[in-house]
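Please look through the sequence and structure below. The report then takes up a pair of helices and the surroundings of the ligand.

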Amino acid sequence: MSAVLLEYPAKHVALLRINRPDALNALNAEVREIINTTLPMLDQDPEIRCVVLAGSEKAFAAGADIKERSTMSAVDVMKMSTTRGIAAFSKPLIAAVNGFALGGGCEYAMQCDIIIANDKARFSQPEVKLGLVPGAGGTQRLPRAVGKYNAMYMVLTGRLVNASDALRMGLVCEVVLGNCDARAIEIAIEIAALPPLTTRLIKEAVNAGSDMSLDAALRLETRAHQLAFATDDVREGIAAFIEKRPGQFYGR
Ligand code: CAA
């Protein structure tokens, strides 16, 4: 069985499921490799408009595979394929976090655009307990997401943060009782029904803009706004509003 499963739960929606439940979905080379090759393929697929990244019942991912890392040298780590494939994905990406999202698992979730969690979800950057520094955004994306002090609390203690605290911090958008996959898919279907070029432009404006000065970011937003206005989907969206009917969007 593959370490990552690709499913198509609805029209225009793909779901990538990390599938090493016996190892709490620890992120080994195979998982990283499949994610890094599948996401660019889904990015190129015009039929796909939104993707859900999920794990299994007990874990989204309990971090880098510590056993695999135990034999690696610094040079091996430098040569290792990174997780930038997730952050580079241009379409909306939703993390469905059931159970543990630790270390690299929390960082994978943070590279997505929306995080939905179940009530058993636990987030943590426990690298410090192993003598490690987080390596895929824990010291950078986490403070941008939850503020310096919540982030410092997590990266300096390695403590587990439960779903309601993650919701309070703003790391998570919704907490679902039981399994959150269905809710994440529901949101993905909602996004996939919207103009796909526009959702990509919005994602780019939010992500690229957050690293710019406000003035530069507002200029980027203006250009994205103007570009979206050139699409057929804008005409359709406006016509659909006036005619009081749902819009049909084709990404043109
Ligand atoms: N790597 C490799 N195997 C892991 C793992 C990991 N990150 N997390 C869990 N597993 C394995 C366990 O070794 C165990 O395997 P065996 O049955 O073969 O012994 C199996 O998954 C189940 O785990 P536990 O028995 O430990 O389950 P538990 O419910 O008692 O505890 C847990 C759950 C608290 C998540 C605990 O497993 C744990 O602390 N895991 C490690 C978490 C961690 O430190 N992650 C950060 C890794 S470093 C990183 O991610 C940074 C980076 O990118 C460089």
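## Two helices side by side

In this predicted model, helix α10 spans residues 196–209 and helix α11 spans residues 214–229. Their axes come within 9 Å and cross at roughly 175 degrees. Angles over 145 degrees count as roughly antiparallel, and α10 and α11 are therefore roughly antiparallel to each other.

On the α10 side, the contact is made by T198, L201, E204, A205, A208 and G209. On the α11 side, A217, L220, A224, L227 and A228 take part. Sorted by class, the contact of α10 with α11 has eight nonpolar residues, two polar ones and one charged one.

## The shell around the ligand

Which residues come nearest to the ligand? Of the 19 residues around the ligand, these are A64, I66, K67, R69 and G104. By class, the shell has ten nonpolar, six charged and three polar residues.

Three elements each supply at least two residues of this shell: α2 (66–69), β6 (100–102) and α5 (104–111). The largest share, three residues, comes from α2.

## Polar contacts and burial of the ligand

The distance is 2.7 Å for A64 and 2.8 Å for G104. For a polar backbone atom of D22, the distance from an oxygen atom of the ligand is 3.4 Å.

How much of the ligand's exposed area does the protein bury? Taken alone, the ligand exposes 990 Å², and the protein buries 60% of that.

Terms used. Residues are numbered from 1 along each chain as its sequence is written. This is a predicted model: local features need pLDDT of at least 70, side-chain atom pairs count only at pLDDT 80 or more; totals for chains, interfaces and linings use all residues. Side-chain values use heavy atoms; hydrogens and water are left out. A residue is near a molecule or strand if one of its heavy atoms lies within 4 Å of it. A polar contact is a pair of N or O atoms within 3.5 Å; within protein, one must be able to donate a hydrogen and the other to accept it, and residues adjacent in sequence count only if both atoms are side-chain atoms. Accessible areas come from the Shrake-Rupley method with a 1.4 Å probe; for residues, only the protein chains shown count as cover. Helices (H or I, at least four residues) and strands (E, at least two) are DSSP runs, numbered from the N terminus. Ala, Val, Leu, Ile, Met, Phe, Trp, Tyr, Cys and Pro count as nonpolar, Asp, Glu, Lys and Arg as charged, and the others, Gly among them, as polar. Axes are lines fitted to C-alpha atoms, for helices over the stretch in contact, and angles run from 0 to 180 degrees between N-to-C directions. Angles under 35 degrees count as roughly parallel, over 145 as roughly antiparallel, 65 to 115 as roughly perpendicular and the rest as oblique. Contact means heavy atoms within 4.5 Å.
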